[in-house]
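Grab the model and work through these exercises with it open. Each one sets a task and then walks through a solution.

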Amino acid sequence: MKFFVILSKRTIASLLLITVAAFAVVSRISAINSCEKNGDTNAARVEYIKELGYNINETASEKKSIVIPSEFSDVYKRYNELQQSAGFDLLPYRGKAAEVYKYPLADGSDRSVTLIVCKDKIIGGDVCENAVNGKMLPLRLTDSDYLRQAKTENKENRNAESEAG
């Protein structure tokens, strides 16, 4: 017994259109979920930082070349955990050359947004206080999240100091 399906041109065109639309949706979802963003130009890096909600000085205050270690020390493992909490992961880039760009926040604070770029893709970053023992936060936290966290920590520190003293 032979089984044949006869499809009209209209049905074939509809099926093709549905397939293309499904592919477009899947591609878009993959792009949104991917943390690799274009970092090939200053304008692209600044746009990415602004998309995250940060108001920065649009000229990097510092740029340096690094090599991501092949073997992660405990410090680098903790730094990668910070990256992972923001949706990044430096493990695939072990042993690779990268550029680090530092952009001061324009709010008058002594904080900066740092981006790590490898082969023109943003592969990581953080928000840090520029003090020697300053806090470092995942890149995805906005200024309001940062301020809320800082206020909570300051309150906890004051409570601990008052209990100790």
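**Exercise 1.** Work out whether Lys64 is buried, partly exposed or exposed, and find its salt-bridge partner.

Step 1: Lys64 has 42% relative accessibility, so it counts as partly exposed (buried means under 20% relative accessible area, exposed over 50%, partly exposed in between, with a 1.4 Å probe and protein chains only).

Step 2: The partner is Glu62, with the closest N and O atoms 4.0 Å apart; a salt bridge here is a side-chain nitrogen of Lys or Arg within 4 Å of a carboxyl oxygen of Asp or Glu.

Step 3: Glu62 comes out partly exposed too, because its relative accessibility is 34%.

Before going on, some ground rules. This is a predicted model, where local features need pLDDT of at least 70, side-chain atom pairs count only at pLDDT 80 or more, and totals for chains, interfaces and linings use all residues. Residues are numbered from 1 along each chain as its sequence is written, and side-chain values use heavy atoms, leaving out hydrogens and water.

**Exercise 2.** Count the salt bridges and say which residues make up the other pairs.

Step 1: The rule gives three salt bridges.

Step 2: Lys50 pairs with Glu58, at 2.3 Å between the closest N and O atoms. Lys50 is partly exposed at 40% relative accessible area, and Glu58 is partly exposed at 44%.

Step 3: Arg111 pairs with Asp107, where the closest N and O atoms are 2.6 Å apart. Arg111 is buried, since its relative accessible area is 5%, whereas Asp107 is partly exposed at 41%.

**Exercise 3.** Trace the strand pairings of S5 (residues 121–129).

Step 1: Check the cover. Seven of the nine residues in S5 are buried. Strands (E, at least two residues) and helices (H or I, at least four) are DSSP runs, numbered from the N terminus.

Step 2: Go through the partners; two strands pair if DSSP finds at least two bridges between them.
- S1 (residues 37–38) runs antiparallel to S5, with two bridges; Lys37 sits opposite Ile122.
- S4 is antiparallel to S5 over eight bridges, and Leu115 has Gly125 as its bridge partner.
- S6 (residues 136–138) is antiparallel to S5 through three bridges, with Val127 bridged to Leu137.

Step 3: In the S5–S6 hairpin, six residues lie between the strands.

**Exercise 4.** Decide where the coordinates call for caution, using pLDDT (the predictor's confidence in each residue, from 0 to 100).

Step 1: The protein chain has a mean pLDDT of 82, and 73% of its residues reach 70 or more.

Step 2: Over residues 25–34, pLDDT stays under 50, and the model has two contacts beyond four places in sequence for them.

Step 3: Where pLDDT is low, the predicted coordinates should not be read in detail.

Methods:
Contact means heavy atoms within 4.5 Å.
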